Amino acid sequence: MSQIVFGGIWVILITVFIQWLIASGSKAKQPGAVPGKINESLSHNSFVFRAHRTFQNSIENVPFFLAAAFLAIFVGVDSQWFAISVWVFAFARIIHMLLYYGIATEKNPSPRSYFFMIGVIANAVVLVQVAIALVA
């Protein structure tokens, strides 16, 4: 089971790494790009903005999930639901990323919001499994 979990964690890390490359690359290609600063006039109609926000959203969400996943590993959670939760989170982040790259919308909820919530639910499932392991 742990190889499946570690594979999912690897996919999550690779996804964030790809987002980092895409965000950095798209921004660097802009005329007059300043390192470390995104043009404040950009919004969802700009791919540079969406790539930046996709990466920032992962920076905001992935560390918490990884902390929960590693805590689950440390306390000995080794269930099928844990493995499923890791992979659901991984796929939800990939679909969230693709939707953010592809759809320029200011609407809330946007289609990507649903996959964000799927990731939140996967995170909650892992946290519940950790709690169960801690009291068992």
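A residue counts as partly exposed when its relative accessible area lies between the 20% below which it is buried and the 50% above which it is exposed. The structure shown in these views is a predicted model.

**View 1. Phe47 in helix H2.** Phe47 belongs to helix H2. With a relative accessible area of 34%, Phe47 is partly exposed. Leaving aside residues up to four places away in sequence, Phe47 touches Ile22, Ser26 and Tyr101. Val11 lies 36 residues from Phe47 along the chain, and the C-alpha atoms of the two are separated by 23 Å.

**View 2. The ends of helix H2.** At the start of H2, the backbone nitrogen of Val48 has a side-chain oxygen of Ser46 within 3.2 Å. Just after H2 comes Gly76, with a positive phi of about 95°.

**View 3. The length and bend of helix H2.** H2 has 29 residues, which at 1.5 Å a residue should span 42 Å; the end C-alpha atoms are 41 Å apart, in agreement with this. At Asn61 the helix H2 bends by about 30°, and Pro63, a proline, follows within four residues.

**View 4. The largest nonpolar core.** This core has 25 residues, of which Ile12, Phe65, Phe82, Val86 and Val126 touch the most other members. Helices H1 (2–28), H2 (47–75), H3 (80–102) and H4 (111–135) each supply at least two residues of the core. The largest share, eight residues, comes from H2.

**View 5. The surroundings of Phe65.** Residues up to four places away in sequence are not counted here. Phe65 touches Ile12, Ser85, Val86, Phe89, Ala122, Asn123 and Val126.

Technical notes
Residues are numbered from 1 along each chain as its sequence is written. This is a predicted model: local features need pLDDT of at least 70, side-chain atom pairs count only at pLDDT 80 or more; totals for chains, interfaces and linings use all residues. Side-chain values use heavy atoms; hydrogens and water are left out. A nonpolar core is a set of buried Ala, Val, Leu, Ile, Met, Phe, Trp, Tyr and Cys residues joined through side-chain atoms within 4.5 Å. Buried means under 20% relative accessible area, exposed over 50%, partly exposed in between (1.4 Å probe, protein chains only). Contact means heavy atoms within 4.5 Å. The expected span of a helix is 1.5 Å times one less than its number of residues. The bend at a residue is the angle between axes fitted to the seven residues ending there and the seven starting there. A polar contact is a pair of N or O atoms within 3.5 Å; within protein, one must be able to donate a hydrogen and the other to accept it, and residues adjacent in sequence count only if both atoms are side-chain atoms.
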